[in-house]
Amino acid sequence: MSTETPEVKAEDSPVKEEAKKYEGKFKHVRIAYDPNKTVAELLREMLKRTNTRVLDFFRLIDEDNSGIIAKKEWCKAFVEIGPDFPPAIVALTFDEFDPDKSGEIEFTELDKFLKRSAGNPPPMACTIIIHCR
């Protein structure tokens, strides 16, 4: 009977498998940063282009399935969704999508913000995004 430990290849690593799973999670909802558009506009365009419902997008970001998106989850998701977005813009957008300042985004908050009519003036963080270069 052999007492040798079987060789484990890096590509077989459970950590690497989990990273691959996460990497592909946002594959269809990627967006490129455009300083001439608000994050809300870019997200709306992506949802329309990919035929993704706001609820499905919310569930992708809600990593722990708690029914709310914490700032940590939002920022972590944007590393995959929009890797070229400046972190400050991602954080400002989270704050804008959280109008009650609870530190969490509920589905109704995200849905309302993304479905806001085009005729309404953009919220403060979105205005900052447009002028931030």
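This is a predicted model: local features need pLDDT of at least 70, side-chain atom pairs count only at pLDDT 80 or more; totals for chains, interfaces and linings use all residues.
Student: What is the overall make-up of the protein chain in helices and strands?

Tutor: The protein chain has seven helices and two strands. Along the sequence they follow the pattern α-α-α-β-α-α-β-α-α.

Student: Why is Lys72 called exposed?

Tutor: Lys72, which lies in helix α4, has a relative accessible area of 71%. The term exposed requires a value over 50%, so Lys72 is exposed.

Student: Why is Asp111 called buried?

Tutor: The relative accessible area of Asp111 is 17%. Buried means under 20%, and therefore Asp111 counts as buried. Of the 133 residues of the protein chain, 34% count as buried.

Student: With which residue does Asp111 meet in a salt bridge, and how do you know that it is one?

Tutor: The partner of Asp111 is Lys115, and the N to O distance is 3.2 Å. A salt bridge requires a side-chain nitrogen of Lys or Arg within 4 Å of a carboxyl oxygen of Asp or Glu, so this pair qualifies. Whereas Asp111 is buried, Lys115 counts as exposed at 58% relative accessibility.

Student: What makes Lys37 and Glu45 a salt bridge?

Tutor: Their closest N and O atoms are 2.8 Å apart. Because the limit is 4 Å, the pair forms a salt bridge. Lys37 has a relative accessible area of 27% and Glu45 one of 37%.

Student: Why is the pair of Glu63 and Lys76 said to link distant parts of the chain?

Tutor: Glu63 and Lys76 form a salt bridge, with their closest N and O atoms 3.1 Å apart. Glu63 is in the loop between α3 and β1, while Lys76 is in helix α4, 13 residues apart. Glu63 counts as partly exposed at 36% relative accessibility, and Lys76 counts as partly exposed at 38%.

Student: How many salt bridges are there by this rule?

Tutor: The count comes to six.

Student: How do you know on which side of α3 its buried residues lie?

Tutor: The buried residues of helix α3 are Val54, Phe57, Phe58, Leu60 and Ile61. They cover an arc of only 160° around the axis, which puts them on the same side of α3. In general, an α-helix has 3.6 residues a turn, so residues three or four places apart point the same way.

Student: Which residues have the most contacts inside the largest nonpolar core?

Tutor: That core has 28 residues, and those with the most contacts inside it are Leu43, Phe57, Trp74, Phe78, Phe97 and Leu110. Helices α2, α3, α4, α5 and α6 each supply at least two of its residues. The largest share, six residues, comes from α2. In soluble globular proteins, nonpolar side chains tend to be buried together.

Student: Which residues are in contact with Phe78, leaving aside its neighbours within four places in sequence?

Tutor: Phe78 is in contact with Ile31, Val39, Leu43, Pro83, Phe85 and Val90. Contact means heavy atoms within 4.5 Å.

Student: What share of the contacts between residues at least 6 apart in sequence joins residues at least 24 apart?

Tutor: In the protein chain, that share is 60%.

How values were computed: Residues are numbered from 1 along each chain as its sequence is written. Side-chain values use heavy atoms; hydrogens and water are left out. Buried means under 20% relative accessible area, exposed over 50%, partly exposed in between (1.4 Å probe, protein chains only). Helices (H or I, at least four residues) and strands (E, at least two) are DSSP runs, numbered from the N terminus. The arc is that of the directions from the helix axis to the C-beta atoms. A nonpolar core is a set of buried Ala, Val, Leu, Ile, Met, Phe, Trp, Tyr and Cys residues joined through side-chain atoms within 4.5 Å.
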